[in-house]
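Biologist: I'd like to go through this one with you and hear what stands behind each label. Could you put it up first?

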Amino acid sequence: MVDISMEVNGKTVSGSVEGRTLLVQFLREDLRLTGTHVGCDTGQCGACVVHVDGKSVKACNMLAADADGAAVTTIEGMANADGSLGTVQAAFQEHHGLQCGFCTPGMVMTAAALLSENPNPTEAEIRAYLEGNICRCTGYHNIVKAIQAAAAQAQPMAAE
Amino acid sequence: MPKDSGIGASPKRREDVRFLTGKGKYTDDINVHGQAYVHFVRSDVAHGTINGLNLDRAKGMPGVLGIFTGADFAEVGGIPCGWQVTDRHGEAMQEPKHPVLAHGKVRHVGDPYAAVVAETLDQARDAAAEIDADIAELPAVVDMKAALADGSVKVHDDLTSNLCYDWGFVEENREAVDQAIQAAPHVTTLELTNNRLVANPMEPRVAIGEYDGSGGDYTLHTTSQNPHVIRLLMGAFVLGIPEHKLRVVAPDVGGGFGTKIFHYAEEAFCTWAAKAVGRPVKWTSSRSEAFMSDAQGRDHVTKIELAMDNDGKFLALRTDTYANMGAYLSTFASSVPTWLHGTLMAGNYTTPLIYVNVKAVFTNTVPVDAYRGAGRPEATFQLERVIDKAARELGIDPVELRRRNFIQPDQFPYATPVAVEYDTGDYGATMDKLAEIADLSGFEARAAESQARGKLRGLGVNCYIEACGIAPSNLVGQLGARAGLYDAATVRVNATGSISVMVGAHSHGQGHETTFPQVVAEMLGIDEGMIEIVHGDTSKIPFGMGTYGSRSLAVCGSAMVRATEKIINKARKIAAHLMEASEADVEFANGQFSVAGTDKSVAWGDVTLAAYVPHNYPLEDIEPGLEETAFYDPANFTYPAGAYACEVEVDPDTGKVQIMRFAAADDFGNVINPMIVEGQVHGGLAQGIGQALLEGCVYDENGQLITGSYMDYAMPRADDVPFYAVDHSTQTPCTHNPLGVKGCGEAGAIGSPPAVVNAVVDALQRAGKTHVTHIDMPLSPSRVWAAMHA
């Protein structure tokens, strides 16, 4: 067993895990942060995307032990301090960018990572960046619309 | 000005907040105190004899609570099929037993033959690796026509052959259709396949079984579209648990698309094993397991012949289909290629003579059942492809050929030669709307622009019709269904006027928690926020049949309307008493009861409070309380229809197809929430485009599953699809349900595959590749390139 400690959504957490324990297992089973989902076993679907030290990471592709000492943000950490939806979350609701909700946490985390890297992406850039996130419900139309709207809202000066 | 509440409004979805903040409660998010974990040991060969399973070493592994095999289930019921199809000779279909765990033989890759229950999932997996299985591989049969050849390997030794049934529809028309085709001036023939698909809801299946020995009560949490159906099938037919001792809960479910309708062996195992090991038992499917255990979709091989006169008037249609059942009959497998397929072969057209033959075949592959559209995409694809080919052969514009054969608005109700009666429709109107939103008249200019960039542009247009709102119980009973297909709703008005509506429908992406209150709020004139929907728990909801076949609103929504009408009737009586007026004089509007012609009125909350605090109340006439249930059994199917257009660019050097534009003009009847309806269409379109361009479930000749993960099975990604232009302004309301709704969940997946293929063939034809009349899906670059250079 390996003793690990990390910051998750601003709180310091620690645990003792097997070497083979994945970050997503640690988040879901040990911390009971079940918003991060597991949709496949080959690193393709993106339902498990979280941010590790500010970078988007598929939590099924990282050992929990490798996240020792890191700062991790999950979907549970994306709302505003007052509990209201963050910009990307609110845009997904406003534009009906989710249906069953299962891929949604990963989509939101990926979208947030995109906008932090590229605050004013084109439609093609959004679609390309979502390559690692599969949604079976929305046909992507409203996800792309939501991300465009979130970009416009977060960057009110961008159009000028 | 669009409405901001009630019918026709698009309020933001109330379920979104929990999904967007990680607070959704999916089955895998639930851990039950004391739960153990099961790992299923699955066959890695498609066909084999189980000579022996040595469990000794595995049983000694750490944490193991029990290891079970097919022998433990020899006396337990098989997983039942819910639909008996009678073949064209009057014989019942062949129906092999589908054991919970394979016994004696394994029949497809993924067929579970042992299950290890342990303290942790890793321990269960570790122990499973220590099972010494002596399984002798047998030759497998994968190809349907080979499976029907004399001397073929048999999937089930106790059946006479691999033929499940040979279905003719309508059998009495057979000879007349043959004669009409023989005599026709022009016959267009097309042979095609409808590729096997994997439904792939993003949430893999999960089951948690619990047993409380003190009262003999079982609970199953499962990823289901229809918890009451699971309770009935598993309780009555597999495990012998009476309904009152079995609770089935389907909490938040991460997509279904049909594959979560069915009762699965893993559900029965976890429920049974909870008693056997004395602990709750949890199973979470991996995606790899999902590829070899979720029922798959489509997989038809078809020859279709369309007979026409010289003006392109359709005279007769004949179609012969081989439909793959896989190794066992899944819950509704037998109904998909028959009653959900043959009955739609008239399409939107007046073809007077139709004969459909379907041979359903067992093979050593994963079972096949309903997947979004279920039979109707297969009908639409072959019909709309053969019409496109016919148009080219006759030199008639494909849109014009369709228009010449449309059922006209004044012909409704229209009885087709394939046993259904369309209530309403206006196919010319959806085609007109399509021309507008797809800018069909601008195509040539866009094609020229593509050509200038070295790309081949093509346009594909087609129509579709579907039978939804499944279904009238007396009709489907005659057709072999072993269940009724009504639905139910209970409207519970609380003392302060808030309302809980318990519904048999299940929401797994459709947004019922938002849309159903819109209907009740409109009827009662109260705020939507006062109404909440309860679904997914057999201990809370009335017996309803769940969500599939675009039925939730048309069937369950109608039950909810009827129950709400009962509420209004009773509330009116209470209001009349409170106002000392005659019931006939009481009017109800905007949440206010009033006496006509006076200033007397009582508010909704006054009446509901009186119902529960009946101090001043007509107790001699009516009971206290305000709660009503209605069961609704539809009089007919509903018939959504529409016209779709796809524009593609083909790269002549590589054969790669890019969707440039996609437009969908649908007639769903009345629409409750336009935002949700459009979202449903978007999702269906992506699945249809996925089928046409990317997806295909492939087995090799030994029955090995080649596409067993997302590494090999190509799911549509964001950059595979465009923004879609969708329209639902053509509305011919359904005449037989109280909301006038038709259903929108499957349309996109039904109507889009032929549009894509028609467009690609058009692009190649325009480029002079006149030998290309069809390419089988998925239209991968290699297939398109090969067709171009054939």
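Biologist: Which residues does Thr21(A) touch, not counting residues up to four places away in sequence?

Modeller: Thr21(A) touches Phe26(A), Leu63(A) and Ala64(A). "Touching" here is contact, meaning that two C-beta atoms, placed from the backbone, lie within 7 Å. Before we go on: this is a predicted model, where local features need pLDDT of at least 70 and side-chain atom pairs count only at pLDDT 80 or more, while totals for chains, interfaces and linings use all residues. Residues are numbered from 1 along each chain as its sequence is written, and chains are lettered from A and ligands numbered from 1 in the order in which they are written.

Biologist: Where is Thr21(A) found, and what makes it count as buried?

Modeller: Thr21(A) sits in the loop between E2 and helix H1 (23-30) of chain A. (Helices are DSSP runs of H or I with at least four residues, strands are runs of E with at least two, and both are numbered from the N terminus.) A residue is buried with 20 or more other C-beta atoms within 10 Å of its own, exposed with 12 or fewer, and partly exposed in between. Thr21(A) has 20 such neighbours, so it counts as buried.

Biologist: Over in chain B, why is Asp585(B) called partly exposed?

Modeller: Asp585(B) has 14 other C-beta atoms within 10 Å, so it falls in the partly exposed class. This residue lies in the loop between helix H15 (552-578) and strand E22 (586-589) of chain B, and it touches Val595(B) and Ala596(B), leaving aside residues up to four places away in sequence.

Biologist: Back to chain A: how do you know that E3(A) and E4(A) pair?

Modeller: Two strands pair if DSSP finds at least two bridges between them. E3(A) and E4(A) are joined by 4 bridges and run antiparallel; Val49(A), for one, has Lys58(A) as its bridge partner in E4(A). Their hairpin has 2 residues between the strands, and Asp53(A) takes a positive phi near 50° there.

Biologist: And how many bridges join E3(A) to strand E5 of chain A?

Modeller: There are 2 bridges between strand E3 (residues 49-52) and strand E5 (residues 71-73) of chain A, again antiparallel. His51(A) has Thr73(A) as its bridge partner in E5(A).

Biologist: What is the order of the strands in the open sheet of chain A?

Modeller: The 5 strands run E2-E1-E5-E3-E4, with mixed pairing. Strand E2 (11-17) and strand E4 (55-58) of chain A are the edge strands, since each pairs on one side only.

Biologist: What makes H2(A) oblique to H3(A)?

Modeller: H2(A) and H3(A) pack at about 125°, with their axes 9 Å apart. Axes are lines fitted to C-alpha atoms, for helices over the stretch in contact, and angles run from 0 to 180 degrees between N-to-C directions. Under 35 degrees is roughly parallel, over 145 roughly antiparallel, 65 to 115 roughly perpendicular, and the rest oblique. So H2(A) is oblique to H3(A).

Biologist: Which residues in H2(A) meet H3(A)?

Modeller: Val88(A), Gln89(A) and Phe92(A) do, and their partners in H3(A) are Thr104(A), Val108(A), Ala111(A), Ala112(A) and Leu115(A).
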